[in-house]
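Please look through the sequence and the structure shown here before reading the report that follows.

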Amino acid sequence: MADEIRALSTETSGATENILTIIDKIEQKSTNALTAIREVEFKTKTSQKIAKETGLLFTEIKNSSQESSMQVQQTASATDNWREYSKAIFNSYQDIETISEKLNSSSQELKEISHSLMDMVDEFKI
């Protein structure tokens with residue numbers, strides 16, 4: 001009987017070490033996910049600022065184009081450039097949204113794994 005208890009204790013100790021290793025990995029992944037989320041947040045704020053500035057520039061271009069026909073031609077060219085820039089910003093927003101969705105999904109998975117591990121740890125408590 002004592003041998004069985006020792007074997008069970010050894011097995012429990014090994015399982016606990018495995019759980020701690022998994023928890024460490026989850027913590028590392030959570031830290032990485034949080035870092036990525038912060039990067040996405042920064043990029044989103046930067047993109048929003050650029051979009052706002054772009055909007056202001058479009059307004060300035062529109063007002064300036066009314067001053068002379070020469071400025072209308074220059075503004076048309078500048079507008080084409082800004083349109084491409086806006087498309088690039090829009091594509092960046094889409095990329096950020098995709099990354100955000102992936103991060104959210106990963107966070108959910110990590111949360112589920114964490115809860116599962118906590119349940120497993122609770123089962124191994126003596």
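## N81 and its helix

In this predicted model, N81 has its place in helix α2, which covers residues 69-124. With a relative accessible area of 55%, N81 is exposed, since the limit for that class is over 50%. Its C-alpha atom is separated by 27 Å from that of E39, a residue 42 positions away along the chain.

## The aromatic pair

One aromatic pair is found in the structure. It is formed by W82 and Y85 in an edge-to-face arrangement, with 5.2 Å from centre to centre and 80° between the planes. The two residues are three apart in helix α2, and so W82 and Y85 are separated by about one helical turn.

How accessible are W82 and Y85? W82 counts as partly exposed at 24% relative accessibility, and Y85, with a relative accessible area of 33%, is likewise partly exposed.

## The chain as a whole

The secondary structure of the chain comes to two helices, with zero strands. The radius of gyration of the chain is 28 Å, well over the 14 Å that the globule rule gives for 126 residues, and the chain is therefore more spread out than a compact globule. Taken along the principal axes, the box that the C-alpha atoms fill is roughly 100 × 15 × 15 Å.

Of the 126 residues in the chain, 13% are buried. The accessible surface comes to about 9,900 Å², and carbon and sulfur atoms account for 55% of that surface. Among the contacts in the chain with a separation of 6 or more, 83% are between residues 24 or more positions apart. The chain carries 14 positive and 21 negative side chains, and the centres of these two sets lie 8 Å apart.

## S47 and I96

S47 is found in helix α1, which covers residues 2-65, and with a relative accessible area of 12% it is buried. Which residues does S47 contact, leaving aside its neighbours within four places in sequence? With those neighbours set aside, S47 is in contact with I89, Y93 and I96.

I96, for its part, is found in helix α2 and counts as buried at 10% relative accessibility, a class that requires a value under 20%. Leaving aside the neighbours within four places in sequence, I96 is in contact with V40, K43, T44 and S47. I96 and I37 are 59 residues apart along the chain, while their C-alpha atoms are separated by 9.8 Å.

Once its neighbours within four places in sequence are left aside, I19 is in contact with L117, M120, V121 and F124. I19 and S107 are 88 residues apart in sequence, and the distance between them in space, C-alpha to C-alpha, is 19 Å.

Methods
Residues are numbered from 1 along each chain as its sequence is written. This is a predicted model: local features need pLDDT of at least 70, side-chain atom pairs count only at pLDDT 80 or more; totals for chains, interfaces and linings use all residues. Side-chain values use heavy atoms; hydrogens and water are left out. Helices (H or I, at least four residues) and strands (E, at least two) are DSSP runs, numbered from the N terminus. Buried means under 20% relative accessible area, exposed over 50%, partly exposed in between (1.4 Å probe, protein chains only). Rings of Phe, Tyr and Trp (its six-membered ring) pair if their centres lie within 6.5 Å; planes under 30 degrees apart count as stacked, over 60 as edge-to-face and the rest as tilted. Contact means heavy atoms within 4.5 Å. The radius of gyration is taken over C-alpha atoms; the globule rule is 2.2 Å times the number of residues to the power 0.38. Accessible areas come from the Shrake-Rupley method with a 1.4 Å probe; for residues, only the protein chains shown count as cover. Lys and Arg count as positive and Asp and Glu as negative; His and the chain ends are not counted. The place of a charge is taken as NZ of Lys, CZ of Arg, CG of Asp or CD of Glu.
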